[in-house]
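Trainee: Could you take me through the helix packing and the ring pairs in this model?

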Amino acid sequence: MSTPVTPEIGAPESGQPALSEMQRILNMFSAPTKTFTDIKKNASWWAPFLIMAILSTTFVYMVGQKITWEQVVENQFSAMSDKQKDQIAQLTPEQQARQRSGMLMGFKYGSYVAPVIVLIIVLIVAALNMATINFGFGADIPFKQALAISWYAGVPRALFSILAIIMLYVIKDPTSFNMQNPVVTNLAVLTSQSQHPALYSALSFIDIFALWSCYLTGLGLATVSGKKTSVGLTVTFGWYILAMLVAVGFKFLTA
């Protein structure tokens, strides 16, 4: 009587060898479906998170060195709408000083917690994507896999961060630096942030890296769930468009 062979715990489901973290990251630029297929076996996401945290911290540090946080605040005030500038002008000098001081502290120290904020945002996005494709399209993606998809789909944004760091060395006039939009990769450059804040907000969503990551997220959801690519893209771009409408509406009401 033969003894049944017990499969090795943690062994890959198919004959394909598991990918290393470096292979998974590099594949996002050449063969993303390979990474998403590997996520079915291993839903870790620490590598892209670590890269994001390192680049974000480096960028924030370099802003303080090359631009200075005082200049960042001045640029932020210059980019305000006329309505916002009028509201500030009505404040007493002491109130204006406190507001500037608060903005300075917020930029100077709050920027360093950006990785934590991004982590929370990605957790929410992954949960929304998972719930939408599972309940709306009959898929069965676990949350951990949805989270890994979101993180790896954001890998191209590392290029944006690298470009932003390079721009800090290239920029000649610190007064032209925009902390919220440091690299011209979207259509917001076609309008004025101070004169058309709502339009500026809308055009900032038409961004090369944001749309690239959104497409990869949809592709990842489709690959892991076994659904058509159009299903994954419907989920991700649907939420992206909704986020754009909310952001533009908020900017329209407040600016």
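**Rings and helices**

Mentor: Ring pairs link Phe29, Phe160, Phe209 and Trp212 into a cluster. Rings of Phe, Tyr and Trp (its six-membered ring) pair if their centres lie within 6.5 Å. This is a predicted model: local features need pLDDT of at least 70, side-chain atom pairs count only at pLDDT 80 or more, and totals for chains, interfaces and linings use all residues. Residues are numbered from 1 along each chain as its sequence is written, and side-chain values use heavy atoms, without hydrogens and water.

Trainee: Are the rings of Phe209 and Trp212 stacked or edge-to-face?

Mentor: Planes under 30 degrees apart count as stacked, over 60 as edge-to-face and the rest as tilted. The ring centres of Phe209 and Trp212 are 6.2 Å apart and the planes lie at 25°, so the pair is stacked.

Trainee: Is Phe209 buried or exposed?

Mentor: Buried means under 20% relative accessible area, exposed over 50%, partly exposed in between (1.4 Å probe, protein chains only). Phe209 has 8% relative accessibility, so Phe209 counts as buried.

Trainee: Are α9 and α11 roughly parallel or antiparallel to each other?

Mentor: The axes of α9 (residues 157-170) and α11 (residues 208-225) come within 9 Å and cross at roughly 160°. Angles under 35 degrees count as roughly parallel, over 145 as roughly antiparallel, 65 to 115 as roughly perpendicular and the rest as oblique. Therefore α9 and α11 are roughly antiparallel.

Trainee: Which residues of α11 make the contact with α9?

Mentor: Contact means heavy atoms within 4.5 Å. From α9 come Arg157, Leu159, Phe160 and Leu163. From α11 come Phe209, Ala210, Trp212 and Ser213.

How values were computed:
Axes are lines fitted to C-alpha atoms, for helices over the stretch in contact, and angles run from 0 to 180 degrees between N-to-C directions. Helices (H or I, at least four residues) and strands (E, at least two) are DSSP runs, numbered from the N terminus.
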